[in-house]
Amino acid sequence: MKLKKLLTIAALSGVTILSASANAFFGSDDETRLGYLVKQPEEPWFQTEWSFAEKAGKDLGFEVVKMAVPDGEKTLNAIDTLAAQGAKGFVICTPDPKLGPAIMAKAKSYDLKVVTVDDQFLNAKGEPMTEVPLVMMAATAIGERQGLELYKEMQKRNWDVATTGVMAITADELDTARRRVDGSISALKQAGFPADQIYRIPTKANDIPGALDAANSLLVQYPTVKQWLVVGMNDNTVLGGVRATEGQGFDANSVIGIGINGVDAVNELAKSQSTGFYGSLLPSPDVHGYKSIESLYKWVKEDVEPEKFVEVTEVVLITRDNFKDELAKKGL
């Protein structure tokens with residue numbers, strides 16, 4: 001009997017030790033753990049989102065598990081890992097919106113709550129998955145601000161509207177890109193810019209090389225235009241347009257490009273000599289990081305379901321004169 005009792009005690013002790021080890025590795029049972037998954041962790045934007053997500057964790061009392069998910073396989077593996085660590089949910093900026101159904105199926109299998117940030121999930125038909133809570137930039141409003149700022153700078157330079165064209169580099173298959181560019185064009189028209197001098201040109205990729213190719217093909221079609229306003233969905237598409245104007249003989253004083261994102265414009269704005277890239281609209285990665293995971297935490301702890309769509313409208317126009325100060329304010 002004594003031997004049996006000793007073995008029972010030893011077995012129970014082993015379970016206790018194992019449980020303690022598991023808690024040491026995964027964290028205590030009463031600690032709330034939430035994931036924050038981003039597609040490009042090397043980018044300052046996402047580093048700032050992480051930083052402010054961690055600030056929310058400190059303020060509200062939960063742990064943030066930061067993970068990089070550059071592709072579909074790593075995304076689904078990350079969800080497995082979070083579940084194994086006892087996480088209750090995660091915020092994600094997906095590497096591909098089309099992964100939405102697979103991400104949600106995996107999350108539901110573990111009973112994990114999901115909030116998306118920056119990019120909206122798409123279903124199998126390519127339609128937005130509006131049932132998944134989303135925090136993102138107000139695409140139309142930010143586009144409208146881009147158009148307004150371009151028009152204001154054009155007026156400030158006393159350009160002749162009759163010899164000015166708008167180069168609108170588009171990617172209409174992406175909902176965010178389409179809404180930004182449409183918003184910009186709408187604001188320009190509303191301000192009084194002639195609609196027939198606004199030229200749309202699609203890009204194969206929302207990067208500098210893709211936009212450069214698109215812009216070059218547009219410029220040769222309108223040789224009488226003397227000044228250009230450059231519109232695009234982000235900094236890199238606008239930079240590509242500006243590079244094309246430089247290659248075809250336009251100087252910095254005859255081009256105005258205003259991007260969106262800010263972080264991809266730093267090198268350009270830091271140049272000692274002015275270029276046609278005038279500035280960028282800097283959104284709020286600090287707001288995105290804090291607000292998205294705060295809403296997830298309240299959903300987990302208080303069963304307060306987040307709003308399905310939260311648009312962040314705060315943007316600041318950064319130029320060569322103020323970009324260092326404004327980036328510092330955001331922790332970038």
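User: How many residues does helix H7 have, and how far does helix H7 reach from its first C-alpha to its last?

Analyst: Helices here are DSSP runs of H or I with at least four residues, and strands are E runs of at least two, numbered from the N terminus. The expected span of a helix is 1.5 Å times one less than its number of residues. In this predicted model, H7 (residues 208–219) has 12 residues and reaches 16 Å, close to the 16 Å expected. Local features need pLDDT of at least 70, side-chain atom pairs count only at pLDDT 80 or more, and totals for chains, interfaces and linings use all residues. Residues are numbered from 1 along each chain, and side-chain values use heavy atoms, without hydrogens and water.

User: Which residues of H7 are buried?

Analyst: Buried means under 20% relative accessible area, exposed over 50%, and partly exposed in between (1.4 Å probe, protein chains only). Gly210, Ala211, Ala214, Ala215, Leu218 and Leu219 are the buried residues of H7. They cover an arc of only 160 degrees around the axis, so they lie on the same side of H7. That arc is taken from the directions from the helix axis to the C-beta atoms. The face turned away carries the exposed residues Pro209 and Asp213.

User: What covers the buried residues of H7?

Analyst: Contact means heavy atoms within 4.5 Å. The cover includes strands E6 (164–170), E7 (198–202) and E8 (227–231), together with helix H8 (235–247).

User: Is histidine 288 buried or exposed?

Analyst: Histidine 288, found in helix H10 (residues 285–302), counts as buried because its relative accessibility is 0%.
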